[in-house]
Amino acid sequence: MQPPRLPVLTLESFPQQRPRPWYLERLARHVANFPGTSQPHAHDFYLLLYVTQGHGTHTIDLVSYPLEPGSLFFMTPGQVHHWQLSADAQGYVVLFEADFYLARYPGGRLYEYPFFHHFHAPALQLGSPETELLPLFERMWQEHTTPAPQQDEVFRSYLHICLELAARHYPTTAAQPASGEPRHAQHLLREFGALINQHFRTQREVQHYADLLHVSPNHLNALCRRHLGKTASALVQERVLMEARRLLRHTSATVAQVADTLGFDDASYFGRYFRKHTGQTPEGFRYEGKR
């Protein structure tokens, strides 16, 4: 049985006149050139969306955020999104792969930005007029439209500054490590998040992840509680339920197919699991999204 899947777009899904390891386009033209982006889909790259005009909603992993001048959205590979835009919506869309950024800025900084962590909200509302980040997007646009030497390097530098300044605007309680906490603890939590994404379809036991991280389940739980206010098992559970919601809401897969894709022994067990943790049956959740 073919597992249900949502469309996953690559950078090559957005052809450019000149091949580049990054993509930049004005929002209105991007939507006109690729109308399918208004339907739920995922990417295998990072995305920034900066809004300068118009209004609407941007739905990322089933959470809808207001879209208005000064809105800045961040997405990581694998997240599912779609948007509803007013006819006058304007702004910039930036797409880039991790390797492009890490070629110049190696290390863990890309993974440290709070808005690129699925435990935190992927949006900032900066208000309008906004004069700090907008000039950077305009300079990136100039690099995109005017031939010049070393454009990849210059574009990457502007992108780096943009992310650093955006991190300053993000709530400091989410962006900073706990006081006195060793940095290796932050690294361990990032690794835990990556492992959840790799194994959640087949492994829901904290012991499995603790073994892979070479720590005890109690230590992993303590770190998760201290930094994220949740247990390790709750974080695994949230990832399973997020994928279940994605498949139920955005595909035509049967409940049995969703259950099989997520590693449940049968549809009835999956149904009990889903209802226990969400208060709804899988069928009820799907129906609610169609109303």
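**Close-up 1. An open sheet of 5 strands in the predicted model.** The strand order is S2-S9-S4-S7-S10, and the pairing is antiparallel. Strand S2 (22–26) and strand S10 (123–125) are the edge strands, each pairing on one side only. From one strand to the next, the twist averages 10 degrees.

**Close-up 2. Pairing of strand S4 with strand S7.** S4 spans residues 46–53 and S7 spans residues 71–75. The two run antiparallel and are joined by 4 bridges. Leu49 has Phe73 in S7 as its bridge partner.

**Close-up 3. Helices H4 and H5 against the sheet strands.** Helix H4 (residues 134–145) lies across S2, S4, S7 and strand S9 (90–96). H4 runs at about 110 degrees to S2. Helix H5 (residues 151–169) packs on the sheet and touches S2, S4, S7, S9 and S10. The direction of H5 makes about 110 degrees with that of S9.

**Close-up 4. Packing of helix H8 on helix H9.** H8 covers residues 206–213 and H9 covers residues 217–228. Their axes are 9 Å apart, at an angle of about 95 degrees. H8 is therefore roughly perpendicular to H9. From H8, Val206, Gln207, Tyr209, Ala210 and Leu213 meet Pro217, Leu220 and Asn221 of H9. The residues of this contact divide into 6 nonpolar, 2 polar and no charged.

**Close-up 5. The buried face of H8 and the residue that follows.** Val206, Tyr209, Ala210 and Leu213 are buried in H8. Down the helix axis, the buried residues of H8 fall within an arc of 100 degrees, so they line one face. His214 follows H8, and its phi is positive, near 60 degrees.

Conventions:
Residues numbered from 1 in each chain as written. Predicted model: local features only at pLDDT ≥ 70, side-chain atom pairs only at ≥ 80, totals over all residues. Heavy atoms only, no water. Axes fitted to C-alpha atoms, helices over the stretch in contact; angles between N-to-C directions. Parallel < 35°, antiparallel > 145°, perpendicular 65-115°, else oblique. Contact = heavy atoms within 4.5 Å. Nonpolar A, V, L, I, M, F, W, Y, C, P; charged D, E, K, R; others polar. Buried < 20%, exposed > 50% of the residue type's maximum accessible area, 1.4 Å probe, protein only. Arc of directions from axis to C-beta. Pairing = 2+ DSSP bridges.
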